[in-house]
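Here's a quick tour for someone meeting this structure for the first time. Take a look at it, then read on.

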Amino acid sequence: MKYGLSKKEKKIGLRILISLAAFIVVFTVDKCVGLAAAVGGKFGWLLPFFLYLAVYVAIGYDVLYRAARNIAHGQVFDENFLMCVATLGAFALAIFRGVTGQDTEGFDEACAVLLFYQVGEFFQRYATGKSRKSVSALMDIRPDVANVIRDGVVAEVAPEEVKIGEIIVVNPGEKVPLDGVVTEGSSSLDLKALTGESLPTSVREGDRIVSGSVNLDGKILVRVEKEFYDSTVSKILELVENAADKKSKAENFITKFARYYTPTVVACALLLAVIPGAVTGDWAGWIYRALSFLVVSCPCALVISIPLSFFAGIGAASRYGVLIKGSNYIEKFAKANIFVFDKTGTLTKGNFAVSDVSPADRREEILRLAAICEQGLSHPIATSILQRYKSEFGEDLPSDYSVKNEAGLGVIAARNDERLLCGNASLMRKYGVEFEECDDSGTVVYIAKDGELTGHILIEDELKEDSPALISALKAMGAKTVMLTGDNDAVASKVALKTGVGEYHASLLPADKVSKVEEILSSKGKNDSLCFVGDGINDAPVLMRSDIGIAMGGVGSDAAIEAADIVLMRDDLDGITLAKRIARRTMNIVTENIVFSLAVKVAILILSALGITNMWIAVFGDVGVAVLAILNAMRVGLKYKTDKK
Amino acid sequence: MKKVFKLEDLDCANCAAKMQNAIEKLDGVKSVTISFMTQRMTLEADEERFDDVLKAAQRAIKKIEPDCTIAR
């Protein structure tokens, strides 16, 4: 995403460049020629003093102004103030040197410190602005207006004003402002902003659509089903906006640390100036060391880079349709090592589908006969058989059969003297068809023609294609996987075997799932973190109870969005491993930043106390750390490979 | 009562943390979080005194960063 500089930033940038150029000119001339020496005499130091002072004021007048203003407000440990003390102190020392006739030096340092301080500030501003932009791109899903039909005319109103049951018009190119059902027209919708899914979805009359999607082709009329505050887009925006309020342990640590860091460093600086100064009498030398302390007294690198990392993590995840409700969940999820799955709708598709036809060499015949029997029925089993037949062997089916339904058994279809049976084992027994009972788990439909068995069809809840890959990926990360289901043991063990899930518990009622999760929670170690993955239907209590609740297919499911900590907007398990990778990378970068920034700061403090470094190195170190930490934080938002193209 | 406000011209991350500390100590404040990244403040305070608390919060913010204002 491109992020241009704002007017204010351009102005500051230009000022920094001009001051830097001026500084370089003065500095080179001074070092090569020796400005003080060139003038010579007792007041030789005045020339470099005024030149450097000009540069100093040009680059730092706003810092000086803010420092003065904040002192008036009683803010002593303000970083502007500390910078001023450090730099003005350096100036004073240089003047002292000049007056006492020593070599004039130190003016350049004062300017440089302020210059680099400004560069660092500028960079921080740029980085945060950029990162904010990337999240506000997500905020772009907020619709501005709704075109509602009132008294036969289209009126443009705020989405908040539209009531349930009203009809709105959505023209091509517009955002869908409210959740509703299409009543007229057809089009394709772009859900990229919501789910990260780049392929458009086609909709027509009767389809339910969600707010925040973009209408691509045709004009559609939509009957509003939810008020704006209740609509998908509001829920998502609320979630994203609140994400930053749930602070992680790392962030709280840094805030706490910052509170004590600055006063401590300032106190040390004071002691360092006074005590050794009084003892040795070398006031100038020790004051100089103390001033170097002040240069590194601002904890900004840490304070900014940690939330920035989390923010970038949340932003990166949202681009792939994974909503994480707060930085604390990133922290916990990075550590999550027990994954509990709900079976139906999570690891499996939660629908019926033909999984096997036996014997295989008579597949077409079996499916065709079954389809003939089941056509016109709306039972899920009938639908799944018809769907499979039509997708494999085409649409046409003879319609001259007379079909009779045998309740609880199956269907009999007859034409002339031909008779087809399609149903369960009891149906076969009732009509004396010889068959071998199939003991596969799932629903078995037997087909017989004229009293003789043709074969059987096995119908099962389909496994999601990516379930086994997810389970093995989690196992490779060292996580424990558990599956919970209300289905019987036979079905559960089969799914467990196919997905490779480590442990399963079958025949659980919804309430049993909660107690099972609590059981696992109480037996887990202190550093373990339990993550429950469900489809958001009927499992809100479990989602709330677990350390991290992940809900699948968040679009359109309010309960899931509310109860879960991480919402997968797309019904796609890939999001879990992706979120895990993002969370891990974020936490790594956060740790790196904390350790690295602290180490450098402490090193600079020690070295300046010993008088080994000078202010140059201190300011380079300080600004450099801030810049590096921010760059590192921005790495969180880089591209992540998804398994699917 | 809990309300969310946008903070305009919040320029430094450390200041945001300082503001949060200052506002937390104000009388009548139950909880407050200031997010530098989203530039938002979530303030929870006694309902009947909310306006006063908000005013005090604004004063505390001004003290730390004079340009920063609570958008209402």
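In chain B, H1(B) passes H2(B) in a right-handed crossing, meaning that the near helix is turned clockwise from the far one by less than a right angle. Helices here are DSSP runs (H or I, at least four residues), numbered from the N terminus. On the H1(B) side, the contact uses B:Cys15, B:Lys18, B:Met19, B:Ala22 and B:Ile23, while H2(B) brings B:Ala57, B:Ala60, B:Ile61 and B:Ile64; contact means C-beta atoms, placed from the backbone, within 7 Å.

This is a predicted model: local features need pLDDT of at least 70, side-chain atom pairs count only at pLDDT 80 or more, and totals for chains, interfaces and linings use all residues. Residues are numbered from 1 along each chain as its sequence is written, and chains are lettered from A and ligands numbered from 1 in the order in which they are written.

Over in chain A there are four stretches assigned as domains, with bounds from an automatic or database domain assignment:

| Domain of chain A | Residues |
|---|---|
| domain 1 | 1-140 |
| domain 2 | 146-242 |
| domain 3 | 317-347 + 465-585 |
| domain 4 | 350-463 |

The C-alpha centres of domain 3 and domain 4 of chain A lie 36 Å apart. Their contact takes 11 residues from domain 3 and five residues from domain 4. On the domain 3 side, helix H12 (343-347) and helix H17 (489-499) of chain A each give two or more residues, and H17(A) gives the most, with six residues.

Finally, H10(A) is mostly covered, with 19 of its 20 residues buried (20 or more other C-beta atoms within 10 Å of a residue's own). After H10(A) comes A:Gly321, whose phi is positive, near 75°.

Notes: Contact = placed C-beta atoms within 7 Å. Buried ≥ 20, exposed ≤ 12 C-beta atoms within 10 Å, placed from the backbone.
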